[in-house]
Amino acid sequence: MFSYNVKLALKSMRRNLILTALMIAAIGVGIGISMTTMTVYYMMNGNPIPDKSDVLFAITMDSWSPLRPFNDDKPERAPHQLTFHDAERLLALGEGKRQTAMFESSLIIEPVNEDELPFEAGARVASSDFFTMFNVPFIYGSGWDKSADAAAEPVVVLTKQLNERLFGGENSVGKQLIMQGTYFQVAGVIDTWEPTPRFYDPINGAFQEINEMFIPYSLTLPLELQSAGSDWGWKAEDITSFEQWLNSESSWVQYFVELESPRDREAYVAHLDAYVGEQKLLGRFERPMNNNVYNVMEWMDYHEVVANDSKVLVGLSFLFLTVCLLSTIALLLTKFVGKKSETSLRRALGASRKVIFNQQLVEVAVIGCVGGLIGLLLATAGLKGIQVLYEAPDGLVSLDWVMVMTAIGLAVVSSMIAGLYPAWRVCKIPPAAQLKTQ
Amino acid sequence: MGFGPILSALMRNKTGPALVALQIAVTLAIVINSLFIILQRVEKMNRDPGIDVDNVIVTYVRGFGDDFDVIASITNDINLIKTIPGVVAATVTNHVPLSGSGSATGLRTVPDETIDAVSTGRYRWGEEGLDALGVTLSRGRNFYAEEVNYILPDTSAPTPPSVLVTQDLADSLFPDDDALGKSVYWGDMEPSTIVGIIDHMHGSWVNWDKLGNVVIQPGKPAYTTNKYIIRVEPGMRDELMPIIEQKLGESNRRRVIKSNRSLEELADRSYRRDRGMAIILSVVITLLIGLTALVIVGLSSFHVTQRRKQIGTRRALGAKRIDIIKQFMLENWLITTAGATLGVVLTVGVAYWLEVSFELERLDWRLLPAGIVTLWVLSSLAVFEPARRAAAVPPAVATRSV
C-alpha cells in the first residue's frame, strides 16, 4: 500500500510540475535558511566539555578600585581576570582538585640553522594541570610534571600543526627549540583539539583556534613573558620593572579550578573569601567581599558567547520557515482542488476516506523529503558562505549528523503539518458529486 | 465590477486568500525588520573614520635575542621606510586605530579621583603620526620634535605634558568651554595640556560607543612588538607593501615581520560582523521576496486556469478584457492590502521583540509605508501576467461543454 501511495504521489507531483516545484522550493529554502542559522547557534551554544562542564570553574575576585565597580553597567560583577600575584598564591594554596592560572603570550622561535627563518608562535602560558583538567588529547608524550611547574623548567607542549612545521610531524618528545634565547624541551605533542566554544578563554575570543604551544606559568617571571591578551587596571602605580608589573593591581590572568563535585563550589568560594579576608588585612581588596565561581556554561553566558546577531537570525529564519509553510499550504490546497474529479472517482470505486487521507499525506511527505534534501544542500552552501564572511577557522561551522537528521525531520514534519488541512479537505469530497458534472 | 462581487467571491472561498494574506503579512514583518537592521549596519560601516584608510600600511615587527637594540631598530626602520619613493610619512605607535587592538583610559578636568572620568582611546606616537594617518588638526599645534622621546616598557620616564585630543573628546570634557590650552588629569592625577584639537578621528574599537574619543601623547613606544603606520601616495599602496616588507626583512635578520597589512584590511576585519549580518539578511530578504512573488504568480496562474469557464462567461456577457484584468488585479490588491494591514501589526511586534530582547534600536516607522507601497507594486507585477492571460480567454469558451 505504501509503495502504491508513493507511486501515486510521484504521478500527482508530475502532473502539476510548477506547483510541485514551488512547494519543493519553498520547503527547501525555508529549511536551508533555518538550518544555516540553527547550526551557527548550535555551535555557539554548544557544551565544549560535556563530561566536566559542571566541575570546572572560572573564578573571579573583586580586587577593583574602592571608588567604582569594575563594570558600571553590571556593578555586581568582579573583574573577570585576576592579578598575577593573586593567581600565583591561589596556585600555591592548591585548594581545588586541579587548577591552572593562564594567559596568552607569543614567543619567537629562533632558527637553529642559519638558513631557517625565525617566526612568532602564539603560546598559552599555563600550569601542568591544564592538560588533565581540560581533557587535552596527546599524540606523543604528555604534559609536564608538577616538578617542572615548581622549578620553572623550560618545557613546551606543541600542537600537531606546530610539530609538523618544526619537526615534520615525527615524535619530537625530548627535542629542543630555542625561544627567548632559552632552550625549551618538548614534553609532548597534542592531537587535534578544538573545544568549541574555546571555553577556557572567551575573553580573548571564543571562536578562534587554540594557541600553537603551551609553556609553564612559572616561566613568566624568569623569561619576562608578556600577555598578548587584555589587561585591565584601575590603580595608578609607579612601575619601573617587570617584577613590579607582576605585583601590580592590574588584572590579566585567567584562573580555572576543577572541583570533585558541583556541590563543592560553596566551599571553594569560602576558601576564596578566606584568602581575600587575609589580603584585606594587608590593605588590598577594599571593595565589599565579592568572590565568585562560574562553571563552564555559566562562564559562556557571562561572556555572552552566543552573539545576539545569531539569535536574531534564528528568530527571523523561523519566521521565514513559517512563510514557506504558509506557501506550501496554499499551494497544496490549490493543487487538491484540481484533483477533485480524480478523488471522487477513487472514492466512488471504493477507496475509503482514510486511504485518500493517507495518500495525500504520503504525497506531502515525499515533497518534504525532497525539499529537506535541497534544504541541506542550501544549508551547506550557506554555512560555507558564513565561514567566508566571518573568516571562521575551517570546519568550525559544519553540519553534523544531528543537524542533518534535524533538517530532514523538520522538513518532513513541517510539510506533513502543512498537508493536514488540505488532505482533510480532499477526503471530504463526496464520491459522486464531481462525477456528475462530467 | 466593483469591490462587492470580488469580496463576496473571496468570502466564498476564504482559506486560500487568507493564507496568501498571512504569508504577505509575515513577509512584510521579516523584510522591514531585516531592512532596518541592514540600513543600520551600512550606516555604521560608512561612518567617516577621519583617517586616510585607503593609503595607509600597517607593519608589525618584533626583534629577538639578548643583543637586540630596540631603539636602534626602530630608528633605522623608520629612516629606511622614509627613503622608499612613494612613502609620505611614517611613525611608530603603541596602537593602530580601527584595528580592534588598543588602549583606553579615563581623563578628568579636575584632579579628583572621586568624580567620574571621561573614557577615551589612548595613543602614543611621534610628530609624524597625524601625517602618517592622514588626520587633520583643526586647531592648535602638532607635537614638536623635541617632545617626542623613546618610551621603554616598565619605565616611568616623564612624558612631556602636551596632548592632542579629538573634538569629540574635547566636547565631552569641556561641554561649555574651549578645550584648547586647558589641563586634563590622568588616572594618577598627572596633568597634561591640550595643545591641539583634531577635527575628527576614530579610535581602535569600532563597536565602542566612545569611538570618537581619542587622546594622543607624544612618544615613540619601544615595546616588544613595534607597530609602524606608513602613509603612501594615493594608488601606490599595493605596490609598496611587498617592497616595505622585503626591505625591512633584509635590513635586520634578528627580527621577525609579524604582519604587513593595509589599514583597509584591518578596518574591514573590525567591521566583519556588521558586514556579515548585512549580507546574510540581504540574502534572506531577496530569497523571501522572490519566493513570495513566485508563489503569488503560481497561485494566480492556477486560478486563471481553473476559472477559464467563468471568465469566458463574463466575456460572453459583455465584459471587456480590461474588466477581466481589473478583476484579477483588484482581487489581488484586496488580498495584499489585508496582508499588509496584518503585516504592520506583526512588523511592530517583531520590532518590539528585537528591541526588548537584543537592545536593537527602535524601528524607523518610515519603513512601514515604504514597505507597503513596495508590496503593492510587487504583487501587482506578480499578478499582471496571469491576469493578462485571463483576459485573453475567448468568450466562446463559455459555450463549450468542458
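What share of the contacts in chain B with a separation of 6 or more comes from residues 24 or more positions apart? The share is 83%. In chain A, the contacts between residues at least 6 apart in sequence can be sorted in a like way: 78% of them join residues at least 24 apart. This is a predicted model.

**The two chains**

| Chain | Residues | Buried |
|---|---|---|
| A | 438 residues | 43% |
| B | 402 residues | 40% |

Chain A holds 15 helices and eleven strands. Chain B holds eleven helices and 13 strands.

Now look at the overall shape. Chain A has a radius of gyration of 31 Å, while a compact globule of 438 residues would come out near 22 Å. Its C-alpha atoms fill a box of roughly 100 × 55 × 35 Å along the principal axes. The C-alpha trace of chain B spans about 105 × 50 × 35 Å along its principal axes.

**One helix in chain B**

Helix α9 of chain B runs over residues 308–316. Its buried residues are B:I311, B:R314 and B:R315. They lie on the same side of α9(B), because they cover an arc of only 100° around the axis. What do the buried residues of α9(B) pack against? Their partners are α10 (321–358) and α11 (367–391) of chain B. Just after α9(B) comes B:G318, with a positive phi of about 110°.

Conventions: Residues are numbered from 1 along each chain as its sequence is written. Chains are lettered from A and ligands numbered from 1 in the order in which they are written. This is a predicted model: local features need pLDDT of at least 70, side-chain atom pairs count only at pLDDT 80 or more; totals for chains, interfaces and linings use all residues. A residue is buried if 20 or more other C-beta atoms lie within 10 Å of its own, exposed if 12 or fewer, and partly exposed in between; C-beta atoms are placed from the backbone. Helices (H or I, at least four residues) and strands (E, at least two) are DSSP runs, numbered from the N terminus. The arc is that of the directions from the helix axis to the C-beta atoms. Two residues are in contact if their C-beta atoms, placed from the backbone, lie within 7 Å. The radius of gyration is taken over C-alpha atoms; the globule rule is 2.2 Å times the number of residues to the power 0.38.
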